[in-house]
Amino acid sequence: MVIMQKRAVYPGSFDPVTLGHLDIITRAAEAVDELIIGVLENRAKIALFSVEERVKMLQIITDSLPNVRVESFHGLSVDFAKMQGAGFIVRGLRAITDFDYELQMAQTNRIMAPEIDTIFFATNLEYAYLSSTTVKEVASYGGDITKFVPEYVAREVVARYK
């Protein structure tokens with residue numbers, strides 16, 4: 001008897017990681033045997049934190065989740081999922097606009113890699129408005145971001161804007 005493990009990849013920029021991301025990570029980790037958080041190195045965007053810093057932040061805040069690991073990658077999420085031997089890509093949905101984009105990506109990925117499926121998690125209503133862009137904007141004006149990101153991340157973001 002062959003025991004198949006359910007391995008999933010949750011790709012994203014995570015610049016910075018928010019409580020909404022952490023909610024999806026926690027819920028996805030409960031649904032699969034192994035969750036690999038893929039931190040995208042996107043050279044087209046100017047990031048607040050380096051890929052290495054984002055990986056470290058995610059490692060710190062997911063330390064209590066034994067089936068989660070964090071890796072950096074560049075290129076297509078579907079290729080990263082293949083490299084990791086994942087059968088699933090995890091995506092979070094906040095609003096209908098997310099759904100349109102994410103559905104197109106899931107269908108495109110399915111054409112490129114029929115063996116990899118996409119699992120969508122609807123965001124917790126508490127975080128439906130939240131994005132990394134919002135966090136950076138609030139922080140850049142000295143606003144309180146402690147309700148948006150984990151405590152460790154809040155300290156790092158505030159320090160970056162000082």
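Which element gives the largest share of the lining of the largest pocket? That share, eight residues, comes from H4. This is a predicted model, in which local features need pLDDT of at least 70, side-chain atom pairs count only at pLDDT 80 or more, and totals for chains, interfaces and linings use all residues. Residues are numbered from 1 along each chain as its sequence is written, and side-chain values use heavy atoms, without hydrogens and water.

**Helix H4**
- Helices (H or I, at least four residues) and strands (E, at least two) are DSSP runs, numbered from the N terminus.
- H4 covers residues 96–112, and its end C-alpha atoms lie 24 Å apart, which agrees with the 24 Å that 17 residues should span at 1.5 Å a residue (expected span: 1.5 Å times one less than the number of residues).
- Asp-98, Glu-102, Ala-106 and Asn-109 of H4 are buried (under 20% relative accessible area, with exposed over 50% and partly exposed in between; 1.4 Å probe, protein chains only).
- These four cover an arc of only 65° around the axis, so they sit on the same side of H4 (the arc is that of the directions from the helix axis to the C-beta atoms).
- Exposed on the other side of H4 are Ile-96, Thr-97, Gln-104 and Ile-111.
- Helix H3 (77–84), strand E4 (88–93) and strand E5 (117–122) pack against the buried residues of H4 (contact: heavy atoms within 4.5 Å).

**Largest pocket**
- Of the 41 residues that line the largest pocket, Pro-11, Gly-12, Ser-13, Arg-91 and Glu-102 lie nearest its centre.
- A pocket is an open set of points on a 1 Å grid over the protein atoms alone, where a 1.4 Å probe fits, with protein on both sides within 12 Å along at least five of seven lines; lining residues have an atom within 4 Å of a point.
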